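Thank you all for making time this morning. I would like to walk through one structure with you, taking a few places in turn, and I will start with a single residue and what surrounds it.

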Amino acid sequence: MDTQFLIGFINIIILDLVLSGDNAVVIGMAARALPERQRKKAIIFGTSAAIVLRVALTGIAAYLLNIPLLMSIGGLILLWIAVKLVSEEDDETEVHVGRGLKEAIKTIIVADVVMSLDNVLAVAGASHGDFWLVLFGLMLSIPIIMWGSRIIAVMMNKLPWLVYVGSAILGYTAGQLIVEDPIIHEQFIESVSALSWAVPLALALLVVIAGGALKRAAK
């Protein structure tokens with residue numbers, strides 16, 4: 001077996017476990033307060049949307065890198081989603097089931113666009129243009145997202161404090177998108193390398209604090 005293929009194969013497994021895990025977290029958080037039947041619909045729809053988006057974005061991955069500040073914009077959108085998810089009132093969502101399902105699906109679609117972009121760029125880089133490795137990465141992400149989001153949704157219902165853990169993960173992911181943006185990295189991160197980990201950590205903390213404050217204010 002070609003060494004580069006093997007290295008790409010291993011890298012894609014690791015990347016999918018990490019990056020598809022983020023999709024699973026946001027889908028699980030968005031669907032956590034829905035009744036079981038609606039939760040399954042949201043998870044299936046969210047997983048399907050993530051895969052379709054990844055297939056679509058894979059074909060234009062090289063062009064996406066040329067769009068100025070695209071990753072930073074995606075990171076800011078993900079920050080907003082993370083704060084929104086942690087600040088939501090579960091009881092309100094349960095009362096308005098129809099609206100709750102629609103809101104969950106809308107949140108999932110927006111987050112899927114952002115995180116699918118991150119995943120596609122990472123997998124495209126790890127595959128070195130090998131079609132079969134890209135296809136493998138897409139197929140591997142399906143069970144990770146579907147099973148992962150279902151488990152996360154159930155666990156967050158039983159252990160509400162995990163919502164804050166999930167929001168911190170999304171905040172950290174948003175920070176990584178921002179610091180890895182080519183323009184931001186060149187202008188700020190290269191000269192102060194500590195920012196590469198300080199910014200994601202700070203944003204993870206910010207999301208938890210802001211989301212918690214908004215949730216308390218809404219009561």
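This is a predicted model: local features need pLDDT of at least 70, side-chain atom pairs count only at pLDDT 80 or more; totals for chains, interfaces and linings use all residues.

If we set aside the neighbours within four places in sequence, glycine 137 is in contact with Ile12 and Asp16. Glycine 137 itself sits in helix H7, and the C-alpha atoms of glycine 137 and aspartate 16 lie 6.8 Å apart in space although the two residues are 121 apart in sequence. Is glycine 137 buried or exposed? Its relative accessible area is 2%, and because the cut-off for buried is under 20%, glycine 137 counts as buried.

The average pLDDT of the protein is 81, and 87% of the residues score at least 70. Where is confidence lowest, and where is it highest? The lowest mean, 43, belongs to helix H5, residues 90-95, whereas helix H10, residues 195-218, has the highest, at 91. Over residues 91-98 the pLDDT stays under 50, and for that stretch the model has 8 contacts beyond four places in sequence.

Staying with H10, this helix has 24 residues and spans 33 Å from its first C-alpha to its last, which is close to the 34 Å expected at 1.5 Å a residue. The buried residues in H10 are Pro200, Leu203, Ala204, Val207, Gly211, Gly212 and Lys215, and they pack against helix H4, residues 70-87, and H8. As a reminder when you look at that list, an α-helix has 3.6 residues a turn, so residues three or four places apart point the same way.

Another buried position is threonine 107, in helix H6, residues 97-127; threonine 107 counts as buried because its relative accessibility is 7%. Not counting residues up to four places away in sequence, threonine 107 touches Ile81, Lys84 and Leu85.

Finally, the surface. Trp147, Ile151, Met155, Leu159, Trp161, Val165 and Ile169 make a nonpolar surface patch of about 700 Å². The elements giving two or more residues to this patch are helix H7, residues 131-158, and helix H8, residues 162-180, and the largest share, 3 residues, comes from H7.

Note on methods: Residues are numbered from 1 along each chain as its sequence is written. Side-chain values use heavy atoms; hydrogens and water are left out. Helices (H or I, at least four residues) and strands (E, at least two) are DSSP runs, numbered from the N terminus. Buried means under 20% relative accessible area, exposed over 50%, partly exposed in between (1.4 Å probe, protein chains only). Contact means heavy atoms within 4.5 Å. Patches are made of residues with over 30% relative accessible area and no salt bridge: like charges are joined within 9 Å, nonpolar side chains (Val, Leu, Ile, Met, Phe, Trp, Tyr) within 5 Å. Accessible areas come from the Shrake-Rupley method with a 1.4 Å probe; for residues, only the protein chains shown count as cover. A salt bridge is a side-chain nitrogen of Lys or Arg within 4 Å of a carboxyl oxygen of Asp or Glu. pLDDT is the predictor's confidence in each residue, from 0 to 100. The expected span of a helix is 1.5 Å times one less than its number of residues.
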